Amino acid sequence: MANSAPMPYAALILGYLGLIPFVGLAAAVIAGPASLGPSAAFALLAYGATILSFLGGVHWGLAIAASALPPSQRAWVLTVSVIPQLLGWSALLAPSPFGFALMAMGLVGVLAIDAGAARAKLAPNWFMALRWPLSCAAAAALIVTALAM
C-alpha cells in the first residue's frame, strides 16, 4: 500500500492546524485566568480524546485497505486500532494531572504503532514525516499542562 507520493498539502495544513487547540488550550490552562482553567483543561482532554480516536480510526482504515494482510494480522491491526479510543476515554475520566499524562502517553504510544505500520508498508511514505512533529508537539502541550497543574 505504501507509495512514494509526496505528502498531500491538505494533510500538512490540516495536521498543523490541528495543533492549535492543543497549544491554545494548554496556554489557557497555564496562563489564562483562573476561572478559565477548569473549562480549558477539560476541553484540552476532550480534544485529545477525539484525536486519539481519529488516530485509531486511521489504523482501522489501514487494515481495511490492506487487502493482502493475512486474516490474523488484519485482526491484530483492527484490535490495536481500538486501543487509542479506550485510552482517550480513560484519560477523560482520570483525575488531573494523571489524565493529561495518560493522554500524552497515548499519543506517543500510537506514534510507535504508526511507525510499525509505516515499516510494514501499510501507510504512505510521507505518513511518519507528518506524524512525528504533530504527535510530539501535542504530547508536549499535554505534559506541560500536567506539570503546571
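The radius of gyration used here is taken over C-alpha atoms, and the globule rule is 2.2 Å times the number of residues to the power 0.38. For 149 residues that rule puts a compact globule near 15 Å; the chain has 16 Å, which agrees. This is a predicted model: local features need pLDDT of at least 70, side-chain atom pairs count only at pLDDT 80 or more, and totals for chains, interfaces and linings use all residues. Residues are numbered from 1 along each chain as its sequence is written, and side-chain values use heavy atoms, with hydrogens and water left out.

**Fold and dimensions**

- The chain has seven helices and zero strands. Helices (H or I, at least four residues) and strands (E, at least two) are DSSP runs, numbered from the N terminus.
- Read from the N terminus, the order of elements is α-α-α-α-α-α-α.
- Along the principal axes, the C-alpha atoms fill a box of roughly 55 × 30 × 15 Å.

**Packing and surface**

- Of the 149 residues in the chain, 40% are buried. Buried means under 20% relative accessible area, exposed over 50%, and partly exposed in between (1.4 Å probe, protein chains only).
- Among contacts with a separation of 6 or more, 72% join residues 24 or more positions apart. A contact means heavy atoms within 4.5 Å.
- The chain exposes about 7,700 Å², and carbon and sulfur atoms supply 77% of this area. Accessible areas come from the Shrake-Rupley method with a 1.4 Å probe; for residues, only the protein chains shown count as cover.

**Salt bridge**

- Side chains of opposite charge can pair when their charged atoms come close.
- The whole structure holds one salt bridge. The term requires a side-chain nitrogen of Lys or Arg within 4 Å of a carboxyl oxygen of Asp or Glu.
- Its partners are D114 and R131, at 2.4 Å from N to O.
- The pair links distant parts of the chain, 17 residues apart: D114 sits in helix α6 (residues 98–119) and R131 in helix α7 (residues 127–148).
- D114 counts as buried because its relative accessibility is 0%. R131 also counts as buried, at 7%.

**Nonpolar patch**

- Y9, L12, I13, L14, Y16, L17 and I20 form a nonpolar surface patch with about 700 Å² of accessible area together.
- Patches take residues with over 30% relative accessible area and no salt bridge; like charges are joined within 9 Å, nonpolar side chains (Val, Leu, Ile, Met, Phe, Trp, Tyr) within 5 Å.
- Helix α1 (residues 9–17) gives the largest share of the patch, six residues.
- I13 lies in helix α1. I13 counts as partly exposed because its relative accessibility is 35%.
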